[in-house]
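Subject: Handing over a structure, with notes on rings and helices

Dear colleague,

I am passing this structure on to you, and you will find it just below. My notes follow it, and I would be glad if you read them with the structure open.

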Amino acid sequence: MLTPVLVSIILFISMGEAAASENSNIMERLKQLEETQNNLNHVWTMMAAALVFFMQAGFLLLEAGTVRSKNSINVAQKNIADFVLSTVFFGMFGFMLMFGDSWNGLLGFDMNLFSFNKVDDWTFTFFVFQVVFCGTAATILSGSVAERMQFVGYLFATIFISAIIYPIFGHWAWGNLLYAENASYLADLGFIDFAGSTVVHSVGGWCALAACIVIGPRIGKFDSEGKPQRIIGHSPVLAAVGTIILWIGWLGFNGGSTTAGTPQFSHIIANTLISGAFGGLANIMIGYWIDDNFRPDRSMIGVLAGLVGITAGCDVLSTWSAVIVGFTSGSIALLATEIIEHKFKIDDAVAAFPVHGAAGAWGTIILAFLMDESQLATESRFDQVLVQCWGVLLCAIWTFTLAYLFFKILDKSMPNGLRVSEDHERMGLNEAEHGTSLGTGELLRGMQSLA
Amino acid sequence: MLTPVLVSIILFISMGEAAASENSNIMERLKQLEETQNNLNHVWTMMAAALVFFMQAGFLLLEAGTVRSKNSINVAQKNIADFVLSTVFFGMFGFMLMFGDSWNGLLGFDMNLFSFNKVDDWTFTFFVFQVVFCGTAATILSGSVAERMQFVGYLFATIFISAIIYPIFGHWAWGNLLYAENASYLADLGFIDFAGSTVVHSVGGWCALAACIVIGPRIGKFDSEGKPQRIIGHSPVLAAVGTIILWIGWLGFNGGSTTAGTPQFSHIIANTLISGAFGGLANIMIGYWIDDNFRPDRSMIGVLAGLVGITAGCDVLSTWSAVIVGFTSGSIALLATEIIEHKFKIDDAVAAFPVHGAAGAWGTIILAFLMDESQLATESRFDQVLVQCWGVLLCAIWTFTLAYLFFKILDKSMPNGLRVSEDHERMGLNEAEHGTSLGTGELLRGMQSLA
Amino acid sequence: MLTPVLVSIILFISMGEAAASENSNIMERLKQLEETQNNLNHVWTMMAAALVFFMQAGFLLLEAGTVRSKNSINVAQKNIADFVLSTVFFGMFGFMLMFGDSWNGLLGFDMNLFSFNKVDDWTFTFFVFQVVFCGTAATILSGSVAERMQFVGYLFATIFISAIIYPIFGHWAWGNLLYAENASYLADLGFIDFAGSTVVHSVGGWCALAACIVIGPRIGKFDSEGKPQRIIGHSPVLAAVGTIILWIGWLGFNGGSTTAGTPQFSHIIANTLISGAFGGLANIMIGYWIDDNFRPDRSMIGVLAGLVGITAGCDVLSTWSAVIVGFTSGSIALLATEIIEHKFKIDDAVAAFPVHGAAGAWGTIILAFLMDESQLATESRFDQVLVQCWGVLLCAIWTFTLAYLFFKILDKSMPNGLRVSEDHERMGLNEAEHGTSLGTGELLRGMQSLA
């Protein structure tokens, strides 16, 4: 009686063991394989970071091309220096404030300043992606105050933005991106700003506006009657390349913000492309309607505003909504350019506030109206609208106030103030601050001595 | 008697259940893992799209550097505007015509214009990749008609190319790329054009040729005896950077055309690199042999023609074949440049037809002679040669005829014709159409007033 | 008695068969899935190669912007030509010497010149990555000898570097990268140079130094008393963009050197970013301390030297070590620039030796002091220091000697020597060698005739 039972039990056990060993082999291989998706997330995020980094080259070309020849080297150097400093100071302080363990959702902290040798791979990849984001927020200022702000003052401003202003506001909106369990004030309210229309671009835009107000317009920007004069940059060609490069970089900016190698980025990037195109289309058409002319700055403002506008909602919006966001953001940036110049007599040399500040605010708010009901992060669409408005307003209050105070204090405490001397401004900052001039500067001098 | 049977059956069932549950767990994980390869395809295709997009910056620099200073802003603006418009119009119409459900292999259709919120992730990724391809085809025109075509006319041409000419021919060759079950006239015949020597580059090249013929040469291009004069662009430095950027972008253009993250792209990209290099080598050598001089346009034409030439066959050709394709494509483009200028008195300002049209046709045909027998898409090599020739010829007929008629009609129907006034042409389009000039333009004016 | 046993055996067998078939199905799917990680390695390496290729555009802009207008086209053409030639000659000879079957760890060989149709996918991907590396090593020379070396002579130098100097030294350090079983002289000693501070950058730097010595300084670089004069490049704006682009490309240079799509690159890329930033910071600070001025070349030298310095140790160093490497490498390059100019009266037009040679040597040696004990490739830290020093010294001996002899022989054997005539040097190589000038050149001529 027992024999067959024993036989079957023995067979059973031996088979179970074989199966178990085979299964544990399979499980081991499965585990290794599951690493591959993780690896892919790293690859995607890092390649997207390279694209966002590329935006630094775009900003440099856009801004250097938009200023006069005599200040072009200065602007280019500011673009290098701000990336250097924002990497250093965001690395040492900002990253911790923005993504560290949260203190009541208000700011992050932990004592691991730069001690990345103790942290995991993902933190490194995430760090690289966030450094280049901070670089974007910090560099927006450089163009708007071009041709008149002292280089040293600009360096201090970059440090302040990348170590304090940007990361603290960033913590409110994105503080839970690295440590998911973190509280994060705005995010917890349901604020949606997927890739930073407000967090990155409006922050940059408000800083730029504050600086422009404190430092005042360039000599000759407004005539004796206060009428704004057009100051033509020395190379709209470089500015145009810069615009295309920014557009390319934006694919990484928005698409990479998934920080995952999954097709979530597919519709995001399609939206980004389309919104930029419709922003450009809007401004080419409006511009031609205004004065039968295709002024080069307009198409660029249009494309960039379209890109800024879609950044907040690129994930939650449909393709048609991207069309609407692009078209309206472009138009609004063009309108804002006119308003701040003609009505408020503010001289923003590269339209940084209209493009990054105004279109950023617009894009952050309008998404609440256009997004699908099912994706709301709040209880109702009305709540979503309120939260989006509150985020935009909070950004304005926090950033503008702090930046304004900072520039005022800096202006008072620097020996000669924040602004270069009138002589230096007329001479151009290339020579005044960098002892260097473009080849064309040499020509100009030759011509003057000839005359 | 029954007990042992019962025991073994019970054991068996319980074990089976355990195994089944474990297996279903494994199957679930396997399914998730199989997503990863799919995700990788998205990542690769999207990154390749970013590289192709980068070619827009390359074209802008190449063309702006190759024209005179007074038209450089105009060319740059055309490059921004054509990408804006081709995104809008290829997005709204062309994409559907090219990749929608096929009507007899002749054109695609479906009613989901831009309603991408209803489609799947792959369609979005594929769309982004195809939009930047269309942008390439559309932008080829901009350089060849530089310095004399009205901006408005150029905008209409871009719309026509990206909404009609390119996508319909594209459907014949690639109509089954998105919906594999689609009929696609040329593809079904066995026509091989892997990444678009004909579909993209020759289409652009034939449009450029038609436009050059309709609009005529620039003032001063041919002297009173019809001898072509060399018009030197204002910045061969920018043109050189543009060439390098195009080369880089081409890695994505050809490698990304696999639309899959698999090592199929390895030999494709190696071929691309090598063919570009041998194209450049050919023209550096030939150029030096002609006049002991290293004219900058030659090396650039060589590299670009080598890249255009390998585009059709990069997948099916061996490394040595890539050497041959590169060397011959470079030479042919140089020869074609001489022929259209000296023999046909056609003024193609950036050699767009020789590089994209002639080398594209050559590369499409020669692959049939060089490819391995085993990879033929037709019954015999002879058939393959015939099909390749037919595809090239059909492209010439379709594109040139349509473009020629379009430009003729446009020329008649625009108030002042397709061409700017003689005054504007002499003044330069920077000022005439964009109310802006380069810094050097300012200098020039100063010098003239001085004289 | 037998029935139950039979029943259980039959059950067992049938179940085993089902399980076996299910298992073989699982195994098959697992195998396919394991391809995905391999595919991801290809994707990462290829995308990194595109970034490294991008450095060619960066070098072109940096160098063209750093020379005078009259030589800018020449420098740009050298940058195109050297990539063309290094692709051709590294492809045909160098790749084999560097990575082929090793002959005693001294040089590689096999007869498969360019017969890549017989090799596997990985070899193609690896080839593309290595070609762009060789391009970097080869192009470093172009800037340092700018404004005075004959174009033809430069072409020969490129061929010699990419076919002989670079790949043979490369074999000693990296000869086992493709065939892991290869002997590789320095690697077998425990020499660490992860991404090529020595293998790529110092090789380029030593070639540049040898060439500068043989060819002598530019007319006007040293005054009659031997005091070095500052020769200002015509566009520090383009040079600045070039620097940013090089920085971006370096993410691929260092990160891609893992040739694997795994998070090993995460800390590598973070280190790269940080070291570049601290290099820039060092030189901005030191420069301002020297003369209260922000000379544009300093920030660029700083960033680039920081990047060169971290290249060898990016994998084995911690974040804080990257800070140290960056800061010191920047400083050392600045110091070396002064020394070779003031003490040795060597005219290196773009500071190629200080940046690539000096900072490269420094970075390769210092890593042995900073790296974690556990990662030593030798028995003790002392041994590691010795091996690193020996590698650096061997590179200097091999490269400098060979390059010096080569340039001497070339100088004697070329009809008019390696250097252009004094007339040509004064006229500028744009016109002398390329029959072309920048738009500003036209202006200058106009002004001269006016005067």
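A charge is taken to sit over a ring if NZ of Lys or CZ of Arg is within 6 Å of the ring centre and within 35 degrees of the ring normal. In chain A, A:Lys78 lies over the face of A:Tyr154, at 5.5 Å from the ring centre, and in chain B the residue B:Lys78 lies over the face of B:Tyr154, at 5.5 Å from the ring centre.

Please keep in mind that this is a predicted model, in which local features need pLDDT of at least 70 and side-chain atom pairs count only at pLDDT 80 or more, while totals for chains, interfaces and linings use all residues. Residues are numbered from 1 along each chain as its sequence is written, chains are lettered from A and ligands numbered from 1 in the order in which they are written, and side-chain values use heavy atoms, with hydrogens and water left out.

Next, the aromatic rings. Rings of Phe, Tyr and Trp (its six-membered ring) pair if their centres lie within 6.5 Å, and planes under 30 degrees apart count as stacked, over 60 as edge-to-face and the rest as tilted; by this rule there are 77 aromatic pairs over all chains. One of them is the stacked pair of B:Trp44 and B:Phe265, at 3.9 Å centre to centre with 15° between the planes. This pair links distant parts of chain B, since B:Trp44 lies in helix 1 (residues 2-66) and B:Phe265 in helix 8 (residues 264-291), 221 residues apart; helices here are DSSP runs (H or I, at least four residues), numbered from the N terminus. B:Trp44 is buried (under 20% relative accessible area, with a 1.4 Å probe and protein chains only), at 2%, and B:Phe265 is buried at 0%.

Another pair joins two chains, because B:Trp247 lies in helix 7 (residues 236-255) of chain B and C:Phe83 in helix 2 (residues 69-99) of chain C. Their ring centres are 5.0 Å apart and their planes stand at 85°, so the pair is edge-to-face. B:Trp247 is buried at 1% relative accessibility, and C:Phe83 is buried at 0%.

Best regards

Conventions
Buried means under 20% relative accessible area, exposed over 50%, partly exposed in between (1.4 Å probe, protein chains only).
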